[in-house]
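Please open the model in your viewer and keep the sequence panel beside it. The tour below goes from one selection to the next.

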Amino acid sequence: MGPKVSIIIPFYNCAFVDQAIQSALNQTYENIEVIVVDDGSTSHTAKIESFKDKIVYIRKENGGTATAINTGLFAATGEYIAWLSSDDYFVPEKISKQLNFMKQRNIDASFTNFDYINKDNQVLIPWCCKRFSNLEEVYNAYLTYNAINGCTILIKRRSLIKLGFSLPIFVILMIMRCGFVCLSMAMKSIIMMKHLQNFVLMKNQAPVDTKMR
């Protein structure tokens, strides 16, 4: 069995949380733990009940996405960390393919492309992220916009710690907004995934927003 991967799902009043959890549990890669952090939700909490024997469930006072992710990082026991928004979902091969890609190249982190879908899971815009060929292109892209969707990143837990932070690690927000540039400057072993079209993260939003968050 390969290294454990912790998938952290921050949740606040999201109607799609059950789909997100199910997609994490449906991964073809077996050695995973799914951590759902309920950030003081007042609605849709019943959607989690049937999963509680299969996940690590943590409820906390509302503090925002950053605090929910940090709480999940405290609880995570995996060698690798992935973050999944409660209104997104992973395709079944997401972790398996991405981890295999990283192990073959001996790298610490990677990110992927993704599709935008509507509330009925119909693909509206495929491959939303720009296709980068090198890290310099990523640096340049970050000068004008958030070039990487944080939910596509898979990263070694130890690599987060190498940056000089102790858990709780607020660097996850850095990854979400501008962190991959900083990470790639701090670690030599980082690469982008390319041409893996089965590797998508579906965004459940209507109307569609074509900009990165």
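In which sense do strand S2 and S3 pair, and over how many bridges? Select residues 32-38 for strand S2: its pairing with S3 is parallel and runs over four bridges. Two strands count as paired if DSSP finds at least two bridges between them. At Asp-38, look across to S3, where Arg-59 stands opposite.

A note on the model before moving on. This is a predicted model, in which local features need pLDDT of at least 70 and side-chain atom pairs count only at pLDDT 80 or more, while totals for chains, interfaces and linings use all residues. Residues are numbered from 1 along each chain as its sequence is written, and side-chain values use heavy atoms, with hydrogens and water left out.

**The sheet**

Now show the whole sheet. It is open and has six strands in the order S3-S2-S1-S4-S9-S6, with mixed pairing. Strand S3 (56-59) and strand S6 (109-110) are at the edges with a single partner strand each, so one side of each has no neighbour in the sheet. Colouring by secondary structure gives six helices and 10 strands for the protein chain; these are DSSP runs numbered from the N terminus, helices being H or I with at least four residues and strands E with at least two.

**Helix H1**

Select residues 17-25, which form helix H1, and pick Ser-23 within it. Ser-23 is buried, at a relative accessible area of 7%. Buried means under 20% relative accessible area, exposed over 50%, and partly exposed in between, with a 1.4 Å probe and protein chains only. Leaving aside residues up to four places away in sequence, Ser-23 touches Leu-84, Tyr-89 and Phe-90; contact means heavy atoms within 4.5 Å.

**Salt bridges**

Next, show the charged side chains. Side chains of opposite charge can pair when their charged atoms come close. The whole structure has five salt bridges, each defined as a side-chain nitrogen of Lys or Arg within 4 Å of a carboxyl oxygen of Asp or Glu.

- Lys-47 and Asp-18: their side chains meet at 4.0 Å, N to O. Lys-47 is in the loop between S2 and S3 and Asp-18 is in helix H1, 29 residues apart. Lys-47 is partly exposed at 30% relative accessible area, and Asp-18 is partly exposed at 27%.
- Asp-39 and Lys-60: the N to O distance is 2.6 Å. Asp-39 lies in the loop between S2 and S3, and Lys-60 in the loop between S3 and helix H2 (65-75), so the pair ties together parts 21 residues apart in sequence. Both Asp-39 and Lys-60 are buried.
- Lys-156 and Asp-108: the N to O distance is 3.9 Å. Lys-156 is in strand S9 (residues 154-156) and Asp-108 is in the loop between helix H3 (94-105) and S6, 48 residues apart. Lys-156 counts as buried at 9% relative accessibility, as does Asp-108 at 5%.

**Phe-114**

Select Phe-114, in the loop between S6 and strand S7 (115-117). Phe-114 is buried, with a relative accessible area of 1%.

**The whole chain**

Finally, select everything. Of the 213 residues in the protein chain, 53% are buried. Among contacts between residues at least 6 apart in sequence, 74% join residues at least 24 apart.
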